[in-house]
Amino acid sequence: MSAHSTMTKLLRELERDGFTATRTPGGHLRFQHPAISGCVFGPSTPSDHRGVKNLLATLKRKLRTANDG
């Protein structure tokens with residue numbers, strides 16, 4: 001699976017979960033969710049599989065913190 005198709009699939013799943021994604025002027029993605037204060041930035045085209053994994057880990061951590069607080 002290519003990086004583009006991986007990101008497309010990830011964006012669809014995150015939007016179903018309530019996230020909104022907007023592109024920054026520098027080409028990154030800004031993710032926002034009603035339960036999270038602030039936003040999370042991630043790659044729009046990860047150069048390797050770790051970009052997606054790191055983004056997902058950060059989003060999960062932020063959601064867990066928001067739900068615990």
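1. Start with L29 and its neighbour across the sheet: L29 has G42 of β3 as its bridge partner. Keep in mind that this is a predicted model. The next residue, R30, is bridged to F41 in β3. Overall, β2 and β3 (residues 40-42) run antiparallel to each other, with three bridges joining them.

2. Now look to the other side of β2. There, β1 (residues 20-23) is paired with β2, again in the antiparallel sense, over four bridges. R30 turns up here too: T22 is the residue standing opposite R30. So how do the chain ends of these two strands connect? β1 and β2 make a hairpin, with five residues between them. One to check in that turn is G27, which has a positive phi of about 95 degrees.

3. Put together, you get an open sheet of three strands, ordered β1-β2-β3 with antiparallel pairing. β1 and β3 are the edge strands, each pairing on one side only. From one strand to the next, the twist averages 30 degrees.

4. Then there's the helix. α2 (residues 49-68) packs on the sheet, where it touches β2 and β3. The direction of α2 makes about 170 degrees with that of β3.

Methods:
Residues are numbered from 1 along each chain as its sequence is written. This is a predicted model: local features need pLDDT of at least 70, side-chain atom pairs count only at pLDDT 80 or more; totals for chains, interfaces and linings use all residues. Side-chain values use heavy atoms; hydrogens and water are left out. Two strands pair if DSSP finds at least two bridges between them. Axes are lines fitted to C-alpha atoms, for helices over the stretch in contact, and angles run from 0 to 180 degrees between N-to-C directions. Contact means heavy atoms within 4.5 Å.
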